[in-house]
Amino acid sequence: KLVEEQSKLQRPPDVYLVMPLGGTYSPEGLYDTMMTFGERYGGDYGARFLYYYRAPRDRAAIIRLLNDSPHFVGVKIGTGEEDVQPMIDGVGDKAMVIWGIGDRSTKAAELGTKGHTSGTAVLCTGICDGINNAQRQGDFAAARQFEAAVHELEEIRFMDGRVYNYSAVVEAMKLSGFTDIVAGD
């Protein structure tokens, strides 16, 4: 329903992030279901998708999906740096590989990822843009300087298996004093 409705917008999303609920599928089911999903919503609505990679057992199925589906245009790596090179090698120029574990992304960029997602962008837009822009220019020292500015927040977000990921950002938003962002409850 979301893809159907947002496809009707004057400027529909460039890409939809697909984040499957872990433990509810097999790698074979992932491939078959996502191929069908991509054909339906990519074919009927022109949608493009980015798959969120969280389970190492799914790597081969995701690589196959990205190589076979014109509607899945990339993967967001949410596991570890050790998965960057195999994913890049597996998809080549067929799909984009981006980093998805916060604003600690420079090492992954050095390994070949293109861009990163940021859970802190709503609060630290300039820092997140600075990281991305420095990486795109190949200035990894500057990117690390930007990363250092949010290091403590990232430490809280990712402690104990990311248990404080969202709550840390919400609390930082509340403590920031900015009046143009709403943290919610």
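# Notebook: salt bridges, a helix crossing and a surface patch

I started with D58, which counts as buried because its relative accessible area is 1%. My cut-offs here are under 20% relative accessible area for buried, over 50% for exposed, and partly exposed in between, with a 1.4 Å probe and protein chains only.

Before going on, I noted that this is a predicted model, where local features need pLDDT of at least 70, side-chain atom pairs count only at pLDDT 80 or more, and totals for chains, interfaces and linings use all residues. Residues are numbered from 1 along each chain as its sequence is written, and side-chain values use heavy atoms, with hydrogens and water left out.

**Entry: salt bridges**

I looked up how many salt bridges the structure holds, and the count is 10. The term stands for a side-chain nitrogen of Lys or Arg within 4 Å of a carboxyl oxygen of Asp or Glu.

Which residue does D58 pair with? I found R57, with the closest N and O atoms 2.8 Å apart. R57 is partly exposed, because its relative accessibility is 46%.

Next I checked R144 and E110, whose side chains form a salt bridge at 2.7 Å, N to O. R144 sits in helix α7 (residues 140-149) and E110 in helix α5, so this pair ties together parts that are 34 residues apart in sequence. Helices here are DSSP runs of H or I with at least four residues, strands are E runs of at least two, and both are numbered from the N terminus. R144 is partly exposed, at 38% relative accessible area, and for E110 I read 38% as well, again partly exposed.

I then turned to E171 and K174, which meet in a salt bridge at 3.7 Å, N to O. Both lie in helix α9, three residues apart, which is about one turn of the helix. I noted E171 as partly exposed at 41% relative accessibility, and K174 as partly exposed at 46%.

**Entry: T106**

Is T106 buried or exposed? T106 is buried, because its relative accessible area is 0%. I placed T106 in helix α5 (residues 106-111). Leaving out residues up to four places away in sequence, T106 touches Q135, F140, A143, R144 and E147. Contact means heavy atoms within 4.5 Å.

**Entry: helices α3 and α4**

I looked at how α3 (residues 59-68) and α4 (residues 84-91) meet: their axes come within 9 Å and cross at roughly 35°. The axes are lines fitted to C-alpha atoms, for helices over the stretch in contact, with angles from 0 to 180 degrees between N-to-C directions. On the α3 side I listed R59, I62, I63, L66 and N67, which meet P86, M87, G90 and V91 in α4.

In α3, I found A61, I62, I63, L65 and L66 buried. The buried residues of α3 pack against α2 (27-45), β2 (49-53), β3 (72-77) and α4.

**Entry: the surface patch**

I156, M159, V163 and Y164 form a nonpolar patch on the surface, with about 350 Å² of accessible area together. Patch members have over 30% relative accessible area and no salt bridge; like charges are joined within 9 Å, and nonpolar side chains (Val, Leu, Ile, Met, Phe, Trp, Tyr) within 5 Å. The areas come from the Shrake-Rupley method with a 1.4 Å probe, and for residues only the protein chains shown count as cover. I found Y164 in the loop between α8 (151-157) and α9 (165-176). Y164 is partly exposed, at 36% relative accessibility.
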